[in-house]
Amino acid sequence: MTPCPQVIESVLKENEKRLNAINAPYDPVRGNPRDPNRFRFKVDGIDELWLPVQMKGEPLVADLLRFGSLAKYLYKMKSATSDEACAATLRELSRLRCRHDFPFWAASYAYIKRKGGGDDVLLVLNRPQRKLVNALEAMRREGRPIRLILLKARQWGGSTCVQLYMSWLQLVHEKGLNSLIIAHQGAATDEIKDMFDRTLRLYPSFLLHEPGEKEPEGKKRVERVGGAGAAFRVIARNCKVKVGTAERPDSCRGGDYNLVHCSEVGLWKATAQKSPEQILRAACSGVLLKPMTMILFESTANGTGNFFHREYEAARRGESQFRPLFVAWYEIEQYSLPFAPGERENFAAQLVEGREAMHAVSDRRQPGRYLWWLWERGATLEAIHWYVSERSKYSDHGLMAAEYPSDDVEAFVHSGARVFDKYKVEDLRRECRAPLMRGEIDGDAPSGPKSLRNVRFNPDANGALAMWRDREIDPVVRVTDRYLVVVDIGGRSLKADWTVIAVFDRRPMSDGGKPEIVAQWRGHTDFDLLAWNAARIAAYYCNALLVVESNTLETADRDRSVDGDQSAFLLNQIRDAYPNLYARRGPEEAVWQGAPARYGFHTNVATKPMVISTLVQAIREGLYVERDELCLSEYLAYEQRPNGSYGALPGHHDDLLMTRAIGLHICFREMPPPRLITRSDSGPNRPRPASAAVI
């Protein structure tokens with residue numbers, strides 16, 4: 001691709017804008033005037049400040065703003081203008097601000113160990129720490145329980161920030177908030193304990209005690225609880241801090257705790273005594289679901305299928321109490337490589353020139369399209385420059401992604417190769433949206449032929465059927481072969497794979513358009529009830545062609561040592577009441593000998609690569625319209641394994657994906673194109689257009 005000077009110039013201007021935002025002065029004591037959640041506090045006798053908007057409701061702040069002068073406030077409200085009265089007022093203002101402004105509290109009173117040695121330093125939040133605190137504060141200010149699962153790149157102080165945020169809740173907000181910290185190793189717990197000791201040792205007395213309350217001279221601030229040294233109490237705040245390790249499960253037993261911080265959960269190993277799930281259940285079960293409680297899991301990624309991976313994915317899908325938070329490598333200041341004079345312009349030109357390149361020239365480089373994707377996600381040229389340099393140390397992208405993930409999909413290392421182009425998958429997201437309505441398709445009975453009578457949509461906000469578009473019945477024009485319904489069968493139990501019934505509308509194909517997903521049922525149910533539910537949905541959508549993926553039906557009972565093949569029985573039930581049922585072609589000689597039709601689409605070593613290839617093409621060329629973002633997550637977590645087989649990464653599903661793969665294959669390869677026929681030409685005895693898929 002020939003470089004475009006205008007595009008290169010726009011990249012350079014945008015990069016300058018990003019660098020200015022990154023390098024903008026950050027003064028948590030004065031406050032950030034660019035923060036829309038802060039207001040200007042200008043009072044004579046006090047340095048100009050930018051305070052959290054929540055402080056406007058504090059009487060002291062309101063009075064100071066009303067008088068506009070510290071001296072006037074003291075004269076009118078305190079009848080005293082001495083230095084001591086002035087100092088007392090400023091201390092009270094600082095105390096109030098500490099309750100509302102964690103960055104100010106941390107930069108003023110929370111000491112941490114300096115990296116590389118030297119004197120302790122106050123914590124001034126860096127960019128990813130500010131992102132983390134914003135997420136925590138959003139939940140606290142909403143009055144919600146704080147529940148967060150943090151997936152992070154390395155070396156930006158995430159654990160330090162979490163621990164000091166918990167200390168802030170204990171030391172500033174409420175007395176009696178007990179905390180439990182669980183690390184993956186004993187050395188890590190020692191560091192956490194040392195961090196708390198360091199903060200308390202230098203913490204000012206006027207903040208540790210209530211106004212007018214003096215700290216007893218010579219008395220320790222902390223006392224040990226029990227004899228093992230794993231727990232201690234901050235006397236003035238009447239709160240306990242317990243430190244445990246996943247290597248010693250007994251040290252992680254919960255109790256009367258309000259705040260739980262689980263560090264590097266992805267590195268926790270199952271022991272002979274307990275698994276990570278059991279440790280966390282015991283540690284967190286006593287934490288009530290109410291404001292001013294906190295449970296936070298944080299870790300770097302450590303492969304797929306483990307507890308941390310499953311919990312993060314559940315949070316990302318919105319199926320958990322927890323909110324997910326990801327910190328990418330390019331959000332961390334240190335991962336940036338400056339340019340020599342004149343080098344930035346050449347680098348920008350190369351980036352623009354290679355932005356469509358799908359292949360790398362070396363196994364130690366990333367394709368140009370990936371680098372351009374980093375730019376579109378918000379990385380600076382300097383950050384991408386660093387990435388190119390660092391990538392040359394690794395012979396595989398997965399190794400680089402494990403240390404420096406760019407998003408929360410590639411963070412979890414996998415052994416295979418992703419099947420679908422992540423950029424093309426992202427293109428589908430533009431058409432995704434929330435369903436217009438939810439409910440179920442009901443009939444006159446839950447099963448049997450009567451269930452297909454009086455078929456109707458029953459709205460229900462908790463229904464398993466999501467509808468993006470209702471069926472369309474034109475009184476003038478009938479569309480042949482319009483709707484297609486595909487069923488991927490999961491299991492009965494909540495822990496089993498999901499069952500998915502996807503509805504395709506092929507009407508746009510009649511004039512060169514794309515088939516689209518218009519409805520989808522996703523849930524768990526018994527096989528016989530599922531069969532009739534699928535038939536009702538197909539009947540509701542104008543007697544659509546119904547395609548049932550039959551592997552589960554043909555193998556589930558056999559795996560449980562039950563005699564007989566249930567699939568023929570179940571599908572034949574539907575066939576007797578619902579005629580538009582898909583049957584696969586058999587060998588020519590079997591047809592000649594009059595063998596019965598085999599209903600259902602059978603996925604095997606021959607047909608699965610075929611339908612996956614169709615799906616690859618459909619995603620690559622944008623040949624269909626997707627509505628459900630959850631399906632895109634399945635695409636991004638689907639791999640071709642070293643043995644050549646296909647499957648979802650551990651902890652992921654492919655139920656939605658398989659309905660699309662089978663459905664699109666039948667849409668494009670087996671069903672005839674939809675045709676528009678006027679109703680006057682399509683009486684009840686008019687033969688239906690032939691379809692190779694309908695037997």
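**View 1. The largest cavity of the predicted model.** The largest cavity has a volume of about 80 Å³, the volume being the space filled by probe spheres set on grid points that are joined across faces, edges and corners. A cavity is a set of points, on a 1 Å grid over the protein atoms alone, where a 1.4 Å probe fits but cannot get out, and lining residues have an atom within 4 Å of a point. The lining consists of Glu313, Arg316, Arg317, Arg522, Leu630, Ser633, Glu634, His652 and His653. Helices H11 and H22 (629-636) are the elements that give two or more residues to this lining, and H22 provides the largest share, 3 residues. The structure holds 3 cavities of 30 Å³ or more. This is a predicted model, in which local features need pLDDT of at least 70 and side-chain atom pairs count only at pLDDT 80 or more, whereas totals for chains, interfaces and linings use all residues. Residues are numbered from 1 along each chain as its sequence is written, and side-chain values use heavy atoms, with hydrogens and water left out.

View 2. Helices (H or I, at least four residues) and strands (E, at least two) are DSSP runs numbered from the N terminus. Strand S20 (residues 516-523) is mostly covered, with 8 of its 8 residues buried, that is, under 20% relative accessible area (1.4 Å probe, protein chains only). Two strands pair if DSSP finds at least two bridges between them. S20 pairs in the antiparallel sense with strand S19 (residues 499-505) over 7 bridges; valine 500 stands opposite arginine 522. With strand S16 (residues 465-467), S20 forms 3 bridges, also antiparallel, and methionine 467 has alanine 519 as its bridge partner.

**View 3. The eight-stranded open sheet.** The 8 strands follow the order S7-S8-S9-S6-S10-S11-S5-S12, with mixed pairing. S7 (222-225) and S12 (323-327) are the edge strands, each pairing on one side only. Strand S5 (residues 146-152) pairs with S12 in the parallel sense over 5 bridges, and lysine 152 has valine 327 as its bridge partner in S12. Helix H11 (residues 307-316) packs on the sheet, touching S5, S11 and S12, at about 115° to S5. Contact means heavy atoms within 4.5 Å; axes are lines fitted to C-alpha atoms, for helices over the stretch in contact, and angles run from 0 to 180 degrees between N-to-C directions.

**View 4. Helix H7.** H7 (residues 158-173) has 16 residues and should span 22 Å, which agrees with the 22 Å between its end C-alpha atoms; the expected span is 1.5 Å times one less than the number of residues. Of its 16 residues, 14 are buried.

Definitions and conventions
Buried < 20%, exposed > 50% of the residue type's maximum accessible area, 1.4 Å probe, protein only. 1 Å grid on protein atoms, 1.4 Å probe; cavity = no way out; pocket = protein on both sides within 12 Å on 5 of 7 lines; lining within 4 Å.
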